[in-house]
Amino acid sequence: HADLMEDNEKRVDLLEDKFGHVNVINVEEKKIQSLAQFQDLIKRGFERRHTASTFKNDTSSRSHAICQIRVKNTHLKEIEDGKIFVIDLAGSESASDSLFHDKRRVQEAQGINLTLMCLKDCIRNRALATLNVDKYFHVPYRSSMLTLLLKEAFEMESRKLCKTVVIATVSP
């Protein structure tokens, strides 16, 4: 499901080509000329974001919001574009919370939790691989669409300078 799509009926697909590049199908890239234009695009995205009432939250995010910002170097054109991913993850839910949900809401929670677990495994294994260079750690970035999209940040053989910053709001 793509929340920023003009036509929300299109399914977003991620395809990895024979060169290992992840291609996002059925999304539109917008060229941003101003801060106001960027803020408007973000606002439109959040207006279309899928939310629903859950046991603990009246407006729980039922989808992940992903904003990819591609930065072009206009002075050195031979340098590859930079990418910044800003991701607002859907909230996870405990199994006890889902006792009060209908079947659809339970399936949503399972899908969200599976994606979050895949992301956790990728971040953890990538960090462990950095700390233990003599040991092999499998980074399962193909386990979910979200982690496949972030493949470049998880690849062990990547020669790109890449940093991952996590800012989290965690309930007690």
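## Basis of the model

The structure is a predicted model in which local features need pLDDT of at least 70 and side-chain atom pairs count only at pLDDT 80 or more, while totals for chains, interfaces and linings use all residues. Residues are numbered from 1 along each chain as its sequence is written, and side-chain values use heavy atoms, with hydrogens and water left out.

## Overall fold

The protein chain contains 4 helices and 6 strands. Helices (H or I, at least four residues) and strands (E, at least two) are DSSP runs, numbered from the N terminus. Read from the N terminus, the order of elements is β-β-α-β-β-β-β-α-α-α.

Of the 172 residues, 26% count as buried; buried means under 20% relative accessible area, exposed over 50%, and partly exposed in between (1.4 Å probe, protein chains only). The accessible surface of the chain is about 12800 Å², with 55% belonging to carbon and sulfur atoms. Accessible areas come from the Shrake-Rupley method with a 1.4 Å probe, and for residues only the protein chains shown count as cover. A contact means heavy atoms within 4.5 Å. Among contacts between residues at least 6 apart in sequence, 49% join residues at least 24 apart.

Helix α2 covers residues 103–131, 29 residues in total, and spans 42 Å from its first C-alpha to its last, close to the 42 Å expected at 1.5 Å a residue. The expected span is 1.5 Å times one less than the number of residues. Buried residues of α2 include Arg105, Glu108, Ile112, Leu119, Cys122 and Asn125.

The largest nonpolar core has 10 residues: Leu14, Leu119, Cys122, Val139, Tyr141, Leu146, Leu148, Leu149, Leu150 and Phe154. Helices α2 and α3 (145–149) each supply at least two residues of this core, and α3 gives the most, with 3 residues. Such a core is a set of buried Ala, Val, Leu, Ile, Met, Phe, Trp, Tyr and Cys residues joined through side-chain atoms within 4.5 Å. Beyond residues up to four places away in sequence, Cys122 touches Val139, Pro140, Tyr141, Thr147 and Phe154.

## Cysteines

The count of disulfides is 0, a disulfide being a pair of cysteine sulfur atoms within 2.5 Å. Cys118 is in no disulfide, and its nearest cysteine sulfur, that of Cys122, is 6.7 Å away. Cys118 is buried, with a relative accessible area of 9%; Cys67 is also buried, with a value of 18%.

Lys151 lies in helix α4 (residues 151–154) and counts as buried at 4% relative accessibility. The side chain of Lys151 makes a polar contact with the side chain of Glu16 at 2.4 Å. A polar contact is a pair of N or O atoms within 3.5 Å; within protein, one must be able to donate a hydrogen and the other to accept it, and residues adjacent in sequence count only if both atoms are side-chain atoms. Leaving aside residues up to four places away in sequence, Lys151 touches Glu16, Gly20, Val22, Tyr141 and Arg142.

Ser144 is located in the loop between α2 and α3 and is buried, with a relative accessible area of 10%. Not counting residues up to four places away in sequence, Ser144 touches Thr115 and Cys118. Asn26 sits in the loop between β2 (22–25) and α1 (35–48). Asn26 is partly exposed at 31% relative accessible area and has a positive phi of about 75° although it is not a glycine.
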